[in-house]
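My entries follow in the order I made them.

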Amino acid sequence: MMRDVAIIGIGITKFGELWDKSFRNLIAEAGSKALFDSGISGSELDALYVGSMSTGRFVGQEHVGALVADWSGFAHMHIPAMRVESACASGGLAVRQGYFSVASGMNDIVVVGGVEKMTDVVGDEATDTLATGLDQEWEAFFGATFPGLYAMIATRHMHDYGTTREQLAKVAVKNHANGALNPYAQFKRAIPLEKILCSPMTAYPLGMLDCSPVSDGAAAVVLCAADKAKDYTDKPVKIIGTGQASDTLSLHGRDNICTFESTVYAGKNAYEQAKLTPEDIDVAEVHDCFTIAEILAIEDLGFVKKGEGGKAIDKKITTLDGKIPINPSGGLKAKGHPVGATGVAQIAEIVMQLRGEAGERQVKDAKIGLTHNVGAVGASCVVHILEAI
Amino acid sequence: MADGAVPRFWREIPQRYNLIGNQCGSCMEIYFPPRESCPYCRRKSMGKMKELKLKGHGEVLTYTIIYTAPEHFEGQTPYPIAIIKLDEGPKITAQIVDCEIDDVKIGMRVQSTFRKIQEDGYIGAIYYGYKFKPVEVK
Amino acid sequence: MKEVGIISYGGHIPRLRIRSSDIANAWGKNPETITGGLGVFEKSVPSPDQDVATISVEAARAALARCNIAPKDVGAIYVGSESHPYAVKPTGTIVGEAIGATPILKVADYEFACKAGTAAIQTCMALVKSEMVRYGIAIGADTSQAAPGDALEYAASAGGAAFIIGREKIIANINETCSFTTDTPDFWRREGRKYPAHGGRFTGAPAYFRHIMSNAQNLMNSVNSKPDDYDYAVFHQPNGKFPLRVAKMLGFTPDQVKQGLLCPIIGNTYSGSSMLGLASVLDVAKPGNRIFVTSYGSGAGSDAFDITVTKNIKELPREKAPLVSELIEKKQYIDYSTYAKYRDLLYED
């Protein structure tokens with residue numbers, strides 16, 4: 001029988017183009033903040049997990065588990081340290097692995113980090129590296145790009161459900177409005193609708209401002225067996241549901257390209273474990289790597305009916321004071337998207353929300369929150385449901 | 001991604017030049033690119049996957065116009081790329097050529113054509129394969 | 001002697017066009033003087049994803065689409081071009097693979113300026129006649145290069161045609177072929193260079209005209225024919241004027257030349273030039289029609305063919321592949337700056 005797991009500490013770096021910070025600086029900073037926040041000394045740690053998508057290409061460094069353990073000061077403790085990869089869902093997946101290790105009883109306290117240093121490469125290397133999450137032989141080889149594949153989803157979504165270019169842009173407007181309130185965000189500023197609508201086309205119908213940026217950043221959380229959590233913190237947050245699912249690597253391999261079945265299945269598993277329904281969620285951080293991705297996410301997670309994601313944006317039900325506030329952090333769009341860090345940062349944001357420590361972007365009376373982290377174009381997905389205890 | 005060693009591209013020539021897929025001898029489902037075994041029949045399909053040449057006719061399911069392209073495609077921007085449902089069933093991602101960008105529409109009938117897909121700079125190998133063009137109506 | 005001839009054929013012309021006037025304007029020349037002087041009004045341009053290999057494959061596939069032969073029965077493929085995508089590595093292997101004719105297959109790439117394609121026809125004829133192969137495919141295709149600002153830029157275009165040569169179900173008998181060759185450097189491109197150079201007016205009388213005239217007369221002497229025995233005459237067409245002039249000098253009428261004269265509207269497709277002209281004639285030819293074809297390749301040489309269309313052409317489903325006229329009609333114009341980008345003119349030679 002699995003035991004309950006709680007989050008007892010979180011840490012996050014500023015996201016953005018952090019020219020003076022290296023890969024190891026970033027993850028060590030986030031890890032230290034998480035340990036400090038958790039109240040543990042550090043010697044209690046049983047294991048370390050780190051999610052990162054492509055350290056090999058971004059900084060020419062593999063063997064990242066050991067590196068992070070070393071630079072976080074745990075080399076002399078010789079704790080197991082491992083890196084987890086699932087493209088942009090690497091962070092969320094690392095949290096899930098950490099969760100399993102504690103839930104299983106093998107470990108009592110583990111730290112889970114997520115990190116990406118994306119600005120140490122030149123030219124197209126950052127976008128080329130992100131594209132390694134696509135099917136290299138049957139998508140990328142033929143000229144498909146990351147935004148291009150999401151754009152194809154948008155084209156079909158617009159065709160099937162009447163979703164509009166304006167509705168897509170409004171996702172960015174909302175997330176930038178939220179990001180303006182987040183001290184960690186890469187773009188701490190609101191952007192008006194007109195500016196998003198007239199940003200240069202990246203891949204029709206998506207403009208540059210429909211896309212999340214290239215970012216540096218890291219986040220970390222400390223997980224602890226729930227029955228021991230109160231030994232370290234007054235405000236533990238329990239992981240009450242976790243779900244993960246996969247799908248065809250290529251977008252074209254799927255029967256319905258307007259749905260991420262990986263999201264549907266990961267969400268279903270997490271809801272079942274938590275014995276909750278979408279209506280029970282007070283706040284969610286979803287994977288809005290492109291504006292269309294947030295529309296897909298809120299549909300596939302069951303917050304709105306399939307096809308009504310665009311209208312939901314118009315009705316403002318996903319704003320900070322809406323029925324289901326989505327991406328209070330600013331999301332990947334405004335907060336930034338250091339890919340490996342994103343899934344962990346989502347957890348950190350929801351923990352802040354459930355603790356009531358989210359400052360200006362605090363969602364009122366948030367008790368239960370959800371995180372949704374997608375790998376590439378939906379070939380993998382991790383969903384977590386958290387509850388304040 | 002044209003920077004890999006040549007064998008990586010060379011071994012896919014049958015698929016990329018001639019749309020060679022395969023068919024499960026158990027449930028008759030057709031796959032492109034060819035699969036080792038049928039995802040639905042699994043054990044029953046072992047040794048029964050038969051090579052099959054797809055005709056290269058299909059319909060655009062969705063599309064985009066790429067304005068920001070990877071290095072090897074920059075000279076072609078803006079270019080349309082689509083997910084095409086082939087008449088035999090499989091769906092593939094490919095560029096749409098030989099038409100105006102505004103002519104690309106969901107539901108349009110297309111057929112395969114042979115084009116240069118990428119080249120490894122000015123000195124590396126050239127990689128050919130399928131793109132699709134509007135069906136030539138007779 | 002066994003009969004040998006054309007079993008099927010197919011052409012390919014890239015869809016992009018540039019107007020001669022746009023090129024003239026880019027270089028500050030008077031468009032009317034240029035188009036009037038050369039008789040070339042627009043030319044085909046390959047898109048960045050088209051080269052001699054893709055044009056050859058499309059042409060060969062078009063030829064196969066019109067006949068019922070199994071690709072594996074094709075025993076030889078020869079691709080003539082002066083713009084093969086690789087300096088070393090054959091185009092023919094790409095064609096062979098793309099039409100499913102590999103691996104029991106004879107392949108080589110030819111280069112003889114604009115007559116490499118007709119040389120390929122002669123090779124295939126010999127292999128077929130000697131029964132070394134059942135079918136041979138001869139292709140002439142080019143994405144010809146021209147230095148920016150050079151007079152060649154108005155005509156150097158892209159396109160090609162493929163002919164399946166065989167002994168059975170011949171749609172057009174090749175009654176006779178002959179060649180005329182001398183060492184005459186009127187036009188060349190040195191190894192490793194991107195653009196060709198030429199001898200200006202030297203490309204005329206001692207080169208194009210002497211070789212075509214001599215060869216054409218030799219052919220007519222050898223088969224004992226005269227110009228009005230032919231329904232159609234196709235000459236190499238480096239511009240819109242030369243083929244009409246050489247036809248007149250030989251005693252052919254503009255009416256005989258018209259159907260095969262494509263240069264004014266697609267430019268000079270080099271190795272594809274006389275081949276596409278012949279394809280255009282076969283698009284409309286009827287049983288019994290006699291066709292006179294004379295190519296020219298700088299350097300210099302000419303291949304001439306005396307061809308008679310058979311009744312089998314009525315059974316050839318020509319509509320199963322685009323006619324040359326359809327390929328010409330399907331076009332999209334680009335301006336000179338797009339042309340410069342697509343033709344890689346900004347890359348230094």
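**Entry: backbone of chain C**

I looked up Lys89(C) and found it in the loop between β4 (74-80) and α4 of chain C; helices (H or I, at least four residues) and strands (E, at least two) are DSSP runs, numbered from the N terminus. Phi of Lys89(C) is near 130°, a positive value in a residue other than glycine. Lys89(C) counts as partly exposed, at 35% relative accessibility; buried means under 20% relative accessible area, exposed over 50%, and partly exposed in between (1.4 Å probe, protein chains only).

I noted that this is a predicted model, in which local features need pLDDT of at least 70 and side-chain atom pairs count only at pLDDT 80 or more, while totals for chains, interfaces and linings use all residues. Residues are numbered from 1 along each chain as its sequence is written, chains are lettered from A and ligands numbered from 1 in the order in which they are written, and side-chain values use heavy atoms, with hydrogens and water left out.

Tyr270(C) also has a positive phi, near 55°. I found Tyr270(C) in the loop between α9 (263-266) and α10 (273-284) of chain C, and it is buried, with a relative accessible area of 3%.

I then checked peptide bonds. The bond from Thr102(C) to Pro103(C) is cis, with omega near 0°, and Pro103(C) is in the loop between α4 (92-98) and β5 (106-110) of chain C. The bond from Gly299(C) to Ala300(C) is cis too, with omega near 5°; Ala300(C) is in strand β13 (residues 299-309) of chain C. I recorded these because most residues other than glycine have a negative phi, and most peptide bonds are trans.

**Entry: chains A and B**

Which chains have the most contacts between them? Of the two pairs of chains that touch, A and B have the most, where contact means heavy atoms within 4.5 Å. Chain A and chain C do not touch, and their nearest C-alpha atoms are 12 Å apart.

I counted 34 residues of chain B in contact with 27 residues of chain A. The area buried between them is about 2800 Å², and carbon and sulfur atoms give 62% of it; buried area is the accessible area (1.4 Å probe) that two parts lose on being put together, summed over both. On the chain B side, Arg16(B), Lys91(B) and Thr93(B) lose the most area to chain A, together 19% of what that side buries.

There are three salt bridges between chain B and chain A, each a side-chain nitrogen of Lys or Arg within 4 Å of a carboxyl oxygen of Asp or Glu. One of them joins Lys91(B) to Asp255(A) (3.9 Å, N to O).

Strand β5 (residues 201-204) of chain A pairs with β4(B) in the antiparallel sense over two bridges; two strands pair if DSSP finds at least two bridges between them. Tyr204(A) stands opposite Ile65(B) in β4(B).

Five of the five residues of β6(B) are buried, so the strand is largely enclosed by the rest of the structure.

Five bridges join β5(B) to β6(B), which run antiparallel, and Ile81(B) stands opposite Gln95(B). The two strands form a hairpin with four residues between them, and Gly89(B) in the turn has a positive phi of about 125°.
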